[in-house]
Amino acid sequence: MRKVNTKKLVLLAMLAAVAYMLAALIHIPLIPAAPFLSYEPKDVVISISGFLLGPLASLSISLVVALLEMVTVSTTGIIGCVMNFLASACFCSIAALVYKKKRNLVGAVLGLLCGSAAMICVMLLWNWLITPFHMGVPRSGIIPMLIPVFLPFNALKAGFNTALTLMLYKPLVSALRKTGLIPERPSQGNSAKWSIYLLGIALLVTCVLLLLVLRGII
C-alpha cells in the first residue's frame, strides 16, 4: 500500500510540475479585443491527471498551479489566482468525475464536454462578478464584453483543451506505463485509438479555423 501511495504522489507531483511549466512558459492570445486573455495548455495535463488519479487529483493540482502562478509569473494577484483555479477546477475535475463513472471513450468525451460547458458558464458568471475589480471599471462596462469576448475565449479554450487531451492521453499513459508509475491494462483496439485521434484532430482543426476567423485572417 505504501509503495502504491508513493507512486501516486510521485506521479501527482510530476504532473503538477509539468502543468506549472506550461502555465509559466506558454501564453497564446486568442481574442484580439482582449489581449490580456491568453490560452495556457496546463489544463490538458491537469485533466489527464484527473483521468488517471481521479477528480480530487485534478482539483489539487489546479489549486497548487494557481497558487504557484500567483507568486511567480502572474501579475493579477489573488483575483487571477481565483479565476485560474476556478477555470481549471471546473473543466478538469468535472471531466474526471464523469470519466470515473464511465471509463471508456464515450465517458472521456462526455466528461470533457461537461467540463467545457461548466467552465464556460462558471467563467461567464465570475468574469461578471470579479473582472470589474481587476480592471477598475463598473460592472456595467463588463456586461458588453461577456458575449463577444469572454464567451468565445472560454469556448476556444475549452475546445483546445478537449482536443489536446484526447490526442495526448493515450501516448502519455503509454509512456507512464513504461516507467512503472501506473499499472498495465489491456489495450483498446486500433479502431478505438484511431477514433480518439481523429476526433481530437477534427476538434483541433475546428478551433484553429475559428481562431483565424476571430483574428480576421480568414
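This is a predicted model: local features need pLDDT of at least 70, side-chain atom pairs count only at pLDDT 80 or more; totals for chains, interfaces and linings use all residues.

Me: How are α3 and α4 oriented relative to each other, roughly parallel or roughly antiparallel?

Reply: Helix α3 covers residues 55-72, and its axis lies 8 Å from that of α4. The two pack at an angle of about 165 degrees, and α3 passes α4 in a right-handed crossing. Angles over 145 degrees count as roughly antiparallel. The relation of α3 to α4 is therefore roughly antiparallel.

Me: Which hand does the crossing of α2 and α3 have, left or right?

Reply: Helix α2 spans residues 42-53, and its axis comes within 7 Å of the axis of α3. They cross at roughly 150 degrees, and since angles over 145 count as roughly antiparallel, α2 and α3 fall in that class. As for the hand, the crossing in which α2 passes α3 is right-handed.

Me: What is the residue make-up, by class, of the contact of α4 with α5?

Reply: The axes of α4 and α5 are 7 Å apart, and the helices pack at an angle of about 160 degrees. That makes α4 roughly antiparallel to α5, and their crossing is right-handed. By class, the contact of α4 with α5 contains 22 nonpolar, seven polar and no charged residues.

Me: Is S58 buried or exposed?

Reply: S58 belongs to helix α3. Buried means under 20% relative accessible area. Because the relative accessibility of S58 is 0%, this residue counts as buried.

Me: Which accessibility class does L53 belong to?

Reply: L53 is part of helix α2. L53 and L12 are 41 residues apart in sequence, yet their C-alpha atoms are 8.1 Å apart in space. The partly exposed class runs from the 20% limit of buried to the 50% limit of exposed. With a relative accessible area of 27%, L53 is therefore partly exposed.

Me: How far apart are the C-alpha atoms of L210 and W194?

Reply: L210 lies in helix α7, which comprises residues 190-214. Its relative accessibility is 43%, so L210 counts as partly exposed. L210 and W194 are 16 residues apart along the chain, and their C-alpha atoms are separated by 24 Å.

Me: Which residues lie nearest the centre of the second largest pocket?

Reply: About 660 Å³ of space lies in the second largest pocket. Its lining comprises 27 residues. Those nearest its centre are F36, L37, T76, G80 and N84.

Me: Which helices each supply at least two residues of the lining of the second largest pocket?

Reply: The lining of the second largest pocket divides by class into eleven nonpolar, twelve polar and four charged residues. Three stretches of the chain, 77-101, 105-135 and 139-179, are helices that each supply at least two residues of this lining. In the order of those stretches, the helices are α4, α5 and α6.

Notes. Residues are numbered from 1 along each chain as its sequence is written. Side-chain values use heavy atoms; hydrogens and water are left out. On a 1 Å grid over the protein atoms alone, a cavity is a set of points where a 1.4 Å probe fits but cannot get out, and a pocket is an open set with protein on both sides within 12 Å along at least five of seven lines; lining residues have an atom within 4 Å of a point. Grid points are joined across faces, edges and corners, and a volume is the space filled by probe spheres set on the points. Helices (H or I, at least four residues) and strands (E, at least two) are DSSP runs, numbered from the N terminus. Ala, Val, Leu, Ile, Met, Phe, Trp, Tyr, Cys and Pro count as nonpolar, Asp, Glu, Lys and Arg as charged, and the others, Gly among them, as polar. Buried means under 20% relative accessible area, exposed over 50%, partly exposed in between (1.4 Å probe, protein chains only). Axes are lines fitted to C-alpha atoms, for helices over the stretch in contact, and angles run from 0 to 180 degrees between N-to-C directions. Angles under 35 degrees count as roughly parallel, over 145 as roughly antiparallel, 65 to 115 as roughly perpendicular and the rest as oblique. A crossing is left-handed if the near helix is turned anticlockwise from the far one by less than a right angle, and right-handed if clockwise.
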